[in-house]
Each structure stands twice: as structure tokens, then as C-alpha cells.
Amino acid sequence: MRFDVITLFPELFEPFLNSGVTRRAYEQKLVDVRLWNLRDYAEGNYRRVDDRPFGGGPGMVMMAQPLLQCLQAIRAERNDAAPVVLFSPIGKPLDHAGVETWSASAGAVLVCGRYEGVDQRFIDSHVDLQVSLGDFVLSGGEIAAMALLDAVARLQPGVLNDEGSHQADSFNPALDGLLDCPHYTRPEEWAGHKAPAELMSGHHEQIERWRRERRLEITARHRPDLIAAARAAGALSKADEAFLASGQ
Ligand code: SAH
């Protein structure tokens, strides 16, 4: 899949694309990321991309025309009808289901806003959907774009070192959308705290039961809505329900 990113700060993406386990996904173009510097599509000596808001008020607004010209250049190269996504607090918050949808898609054009935002006429004419990272305000859409690209990359087969390990992560339908269990590693005793004995037992079934119970416990405490969703989907076994009812 291919993501074309429109940004005023392409350099922010370089360390991100070249670090960590997801680097392979970008290098091998499992997730093909192309960066487009919006300033290259602005006109005049100053290559202006923003102007003062009509009606007055603070800040600047991204002009529609450079965005359109950049989008046209991308369309000419892509030759498909990839949706245009604008990162914005208005959008639907990104979640696991959204990330899975993107990770099985042909990609998108990602528009990173800056300043007070984007001229509404560009949004009305060319943006297919808006995506938010959560109920807070960033200075730009770049971090939201990186969040989406990172989450999509780690779902690609072969990207994580341990095949299938993302299936054990929080929110994954493979584990009924529950939160993850706690993790421990060496030494067995650290600062007077022992790692849970169940994990040392070598008993596969006992370890899996322990993990399942911790997932249920943590999810019930922090995200009861996810327990309700798992129950509604018929994903909780009798043993799960008995454990939850015991209130441990
Ligand atoms: N005036 C806007 C915020 C502009 S912040 C408002 O109050 O809603 C500048 C840019 O940062 C936005 O255009 C958007 O692309 C990005 N941004 C800010 N907060 C975001 C969020 N929660 N999720 C995704 N993108 C966000």
C-alpha cells in the first residue's frame, strides 16, 4: 500500500521512517511512504502556503491552492482514487479497527494541517475523511500521520520480529479486543519483587490461563466498555465469566 504525505515538515518523518522495527516495512515498501513538501507547490518568491484568516482572529490558515496543486501532482503519479485524509480534531478518533482497515487498504493521501487549520473550501472539495488522534490539539498533523503509519506498519506480515506477536497486543480481535497482560523478564527477583510464579511454571496451559485472567482483570478495571463489547460478541467463555464474577 502507498501513503502520500502532504506536509510542510517532511524532515520530521526521516528519523521516524529510519528507526525501529517498522523501518523494514518502509524500506521494503510494504508500506510505501512518499513525502511531498507543500512549499514546492506554492507560488511566488515567498512560496506562501498560509494567509491571515478572513474575519480576523489569531493565527494563519493554510491556503487551498498549494494543497490542490500538490494533490494534483500526487494524483498524476498515483493514478488511482486513493482517499484524501485530513488529520484534524474534528475527525473520528483513530482506533484499532481503523488501523486494520488502513492496513488492508491501497493506502491514502495524508494531509498534515498546520497553523489554525486548512481553508474549508479545500476540505469541502477534496477531503474524503478526517481522522483525529484524540481530544487534544497538536501543532500539526505530522505526529498523527506518523501514528497511523506506525500502527499500520506493525500489522504488516513479517515486520515484527515475532510473527503474530501483534495478535497478542491490546485491542486485537485475536484476543477478543481485550487489553494486554503484564510482562516480566529477567531477573526472576528484582528489588525484592518476584515475577509471578505461574510464568515460571513451564506449564503452557497454566501460563495461558494466567495471562487470560490478567487481561480480563485489567480490561475490567480500566476499560469496562471493552469487556461489554467482548461479551456482546460472544467472545467470553464460561471460565472467563466465572473469573469476572469472582471479582478477583
Ligand atoms: N484550530 C484547530 C487546531 C489546529 S492545530 C482546532 O481548534 O481544531 C493544526 C493542525 O494540527 C490541524 O490542522 C491538524 O492537521 C493537526 N491536529 C491538531 N490536533 C489534532 C488531533 N487531535 N488529531 C489529528 N490532527 C490534529
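**Notebook: ligand site, domains, helix packing and backbone**

I began with the ligand, and found one of its nitrogen atoms 3.4 Å from a polar backbone atom of serine 88. I counted a polar contact as a pair of N or O atoms within 3.5 Å; within protein, one must be able to donate a hydrogen and the other to accept it, and residues adjacent in sequence count only if both atoms are side-chain atoms. I note that this is a predicted model, in which local features need pLDDT of at least 70, side-chain atom pairs count only at pLDDT 80 or more, and totals for chains, interfaces and linings use all residues. Residues are numbered from 1 along each chain as its sequence is written, and side-chain values use heavy atoms, with hydrogens and water left out.

I looked up two further ligand contacts. A polar backbone atom of phenylalanine 136 lies 2.7 Å from a ligand nitrogen atom. For glycine 140, I recorded a backbone N or O atom 3.3 Å from an oxygen atom of the ligand. I listed 19 residues around the ligand, each with a heavy atom within 4 Å of it; the closest are Phe87, Glu116, Leu133, Phe136 and Leu138.

I then checked the domains, whose bounds come from an automatic or database domain assignment. Domain 1 covers 2-153 and domain 2 covers 170-246. Their centres, taken over C-alpha atoms, are 37 Å apart.

Next I examined helix packing. Helices (H or I, at least four residues) and strands (E, at least two) are DSSP runs, numbered from the N terminus. Axes are lines fitted to C-alpha atoms, for helices over the stretch in contact, and angles run from 0 to 180 degrees between N-to-C directions.

H4 (residues 96-103) packs on H6 (residues 142-153) at about 70 degrees, with axes 9 Å apart. The two are therefore roughly perpendicular (65 to 115 degrees). Val99, Trp102 and Ser103 of H4 meet Leu148, Ala151 and Val152 of H6, with contact meaning heavy atoms within 4.5 Å. By class I found five nonpolar residues, one polar and no charged.

The axes of H8 (residues 204-222) and H9 (residues 224-232) come within 5 Å and cross at roughly 120 degrees.

Lastly I inspected the backbone. Most residues other than glycine have a negative phi, and most peptide bonds are trans. Phenylalanine 171 has a positive phi of about 75 degrees, and I located it in the loop between H6 and S8. A cis peptide bond, with omega about 0 degrees, joins arginine 186 and proline 187. I placed proline 187 in the loop between H6 and strand S8 (189-190).

Definitions and conventions. Angles under 35 degrees count as roughly parallel, over 145 as roughly antiparallel, 65 to 115 as roughly perpendicular and the rest as oblique. Ala, Val, Leu, Ile, Met, Phe, Trp, Tyr, Cys and Pro count as nonpolar, Asp, Glu, Lys and Arg as charged, and the others, Gly among them, as polar.
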